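This report reads one protein model from its atoms, going from single residues to the chain as a whole. Please keep the sequence and the 3D view open alongside the text.

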Amino acid sequence: MKQINLYKRNYPVGMRITGLLLLLSAVIFSCSEIPIGQTPTDKTPPSSLSNVRITPTNGGAYITYSLPKEDDISYVKCEFTYAGIARTVRSSIYKNHMEVEGIGEPEEIELRLYVVDHSENLSEAYVEKFVPLDPPMKAILNSFRIEPTYGGAVVTWENPAKAMVGISFLAANDYGELELIDMVFSSLPTDFKKLRPFDTSKRLFALSITDKYENVSDTFKTEIEPFYEVMLDKSKFSSPALAGDNVSVNDNRPIEKIWDGVLDDPDKYHGWHTDAAAGYTIPQHFTIDLGVMAQLTHITIFERGEIYPFAQHNLRLFDIWGTDELAFPRDNAEYFDTNEWKKDWTLLATCEVVKPSGSPPGTNTPEDMAAHNAGFDFDFRQDVPKMRYIRFEVHDTWAHTPAMHMAELSVYGDDR
C-alpha cells in the first residue's frame with residue numbers, strides 16, 4: 001500500500017491535524033480487540049491435587065498425582081525443609097509427576113504440595129510425611145575399599161545411582177596429620193583411584209564425599225602399608241629401534257621426547273610424534289630400553305594435550321610386552337615383523353585408555369580433562385621376572401590412524 005506523508009506536501013496545518021486524528025482513530029479501532037496490560041488476576045484458589053502417591057527414592061522421593069480439571073492452572077509446587085533450609089520443587093502442568101532430591105539422611109520429611117494458578121493463588125496444601133531411602137553417597141561410602149598397592153593405595157567404589165559426586169582423598173603426612181592429596185568428580189557406576197607416591201611406612205588414608213546439593217558424608221579411614229617401588233631413572237632410557245618399530249618422526253619430535261621429563265611447552269607441543277604418511281600399518285610398535293633390570297610395577301602415560309585429549313594419534317588400545325634381553329638382532333625383520341618375537345617376550349599389560357564421559361572426540365567434560373591431566377596408570381603383571389625392555393603393540397588410536405603421539409611416560413618398579 002502506498003504510504004502518505006502528511007508533512008511532505010504543503011497542506012494547511014488544520015488539515016494535517018485532522019488527518020492525523022483520523023489515522024489515530026483508525027489504529028485505535030483496529031486494535032480494540034487486543035488485550036492491553038497484564039492478565040486480570042483473581043483471588044480464587046484452584047482445586048487441590050488428588051491420587052497423590054509418594055515413593056521414597058535414594059535421597060528423595062518420586063511423586064505422582066492427578067491434576068484438577070481446570071483451565072486456570074500454571075504449575076505444581078512442592079515445599080519442604082531439610083537441614084534447616086526451606087526448599088521448593090516445581091513441575092509443569094504437562095506432567096503428572098515430580099522428583100524430590102538432595103536429602104542427605106534418611107530422616108522424616110514433611111512435603112507440602114500445591115496447585116498454583118495463573119494468578120499465583122495456591123490450592124489447599126496436600127501434606128504428607130515420608131522417609132527417603134539412603135542417599136546415593138551413602139551407598140558409595142559403604143562400598144569403599146582401600147587396598148595397598150605399589151607406591152601407595154588403590155581405592156575402589158560403586159555408585160549404583162550414577163550420582164555425580166566429588167570425592168576427597170586424604171593421606172597422613174610425616175606428622176600424622178591428614179592432608180588433601182586429590183579430589184575427583186565421578187558418576188560412573190564403578191570407579192577407582194590410585195593414590196601415589198608414598199613410601200612403605202604404615203599410613204592413614206581417608207576419604208569423604210560431597211554431592212551436588214552440598215551434603216557431606218562421614219569420613220572413611222583406614223591404615224595401609226604401601227608396597228615398595230620407585231620411578232625408574234629416565235636418563236637411562238633409550239630406543240633400541242627394533243625391526244618393525246615405527247621410527248618415523250614428524251616435525252623434529254623423536255621418541256626421546258617422552259622421557260625427557262617435560263610434559264608441555266608453552267610455545268609449542270613438546271612430545272613425540274610419528275609421521276602418518278610414513279607407510280606404517282596397524283598394529284604399530286615401539287620399544288624402550290629401560291637401561292636397568294627391574295621388577296616392573298606400573299606405567300603412567302600422558303597424552304598429547306592442547307586440543308587433542310582423547311583424540312587424533314593418542315594411544316587408545318595397546319599391549320605392553322617385556323623381556324630381559326633381546327634374543328635376536330635388532331634388525332631381524334623376519335623375527336620382529338611377525339609374531340615370532342612374542343615367543344621370547346612376556347605380555348605385561350593389556351591397556352585401554354577410557355574416556356570417562358564417553359563423549360565423541362573433540363567434546364571433553366571436566367571429568368574427562370581431570371583424567372587426561374592426571375595421566376593414565378596401567379599395572380603390570382607381578383608373576384613374571386625382572387625386565388629391561390618393554391615393547392608397545394598399538395592396536396588403535398583415537399583417530400584410528402597409523403601414527404602415534406604422546407607427551408610423556410613414567411615407568412615404575414623395584415630396581416634393587
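Is Thr 397 buried or exposed? Thr 397 is buried, because its relative accessible area is 0%, where buried means under 20% relative accessible area, exposed means over 50%, and partly exposed lies in between, computed with a 1.4 Å probe and the protein chains only. This residue sits in strand 21, which covers residues 387-397; helices (H or I, at least four residues) and strands (E, at least two) are DSSP runs numbered from the N terminus. When residues up to four places away in sequence are not counted, Thr 397 touches Gln 284, Gln 312, His 313, Asn 314, Arg 316 and Ala 403, a contact being a pair of heavy atoms within 4.5 Å.

The model is predicted, so local features are reported at pLDDT of at least 70 and side-chain atom pairs at pLDDT 80 or more, while totals for chains, interfaces and linings use all residues. Residues are numbered from 1 along each chain as its sequence is written, and side-chain values use heavy atoms, with hydrogens and water left out.

**The chain as a whole**

The chain has four helices and 23 strands, and 43% of its 416 residues count as buried. Among contacts with a separation of 6 or more, 72% come from residues 24 or more positions apart. The accessible surface comes to about 22800 Å², and 52% of this area belongs to carbon and sulfur atoms; accessible areas come from the Shrake-Rupley method with a 1.4 Å probe, and for residues only the protein chains shown count as cover.

**Salt bridges**

The structure holds 20 salt bridges, each defined as a side-chain nitrogen of Lys or Arg within 4 Å of a carboxyl oxygen of Asp or Glu. Three of these pairs are set out here, with the distance between nitrogen and oxygen.

| Lys 138 | Asp 134 | 3.9 Å |

Elsewhere, salt bridges that share partners join Lys 194, Arg 196, Glu 229, Asp 377 and Asp 379 into one network.

Lys 138 and Asp 134 form another salt bridge. Lys 138 is partly exposed because its relative accessible area is 33%, and Asp 134 is partly exposed as well, at 34%.

**The largest pocket**

About 1200 Å³ of space lies in the largest pocket. Of the 37 residues that line this pocket, Phe 192, Lys 193, Ala 374, Gly 375 and Asp 377 are the closest to its centre. Elements that give two or more residues to the lining include strand 12 (190-195), strand 17 (284-302), helix 4 (366-374) and strand 20 (376-379). Asp 377 counts as partly exposed because its relative accessibility is 24%.

On a 1 Å grid over the protein atoms alone, a pocket is an open set of points where a 1.4 Å probe fits, with protein on both sides within 12 Å along at least five of seven lines, and lining residues have an atom within 4 Å of a point. Grid points are joined across faces, edges and corners, and the volume is the space filled by probe spheres set on the points.

**Two further sites**

Met 137 has its place in helix 2, residues 136-143, and is buried because its relative accessible area is 4%. Leaving aside neighbours within four places in sequence, Met 137 is in contact with Gly 104, Ile 209, Asp 211, Asn 215, Val 216 and Ser 217. The C-alpha atoms of Met 137 and Asp 218 are separated by 9.9 Å, although the two residues are 81 residues apart along the chain.

Glu 108, by contrast, is exposed, because its relative accessible area is 53%. Glu 108 is found in the loop between strand 5 (97-100) and strand 6 (109-116), and touches Lys 129, Phe 130 and Val 131 when residues up to four places away in sequence are not counted. Glu 108 and Lys 129 are 21 residues apart in sequence and 6.5 Å apart in space, C-alpha to C-alpha.
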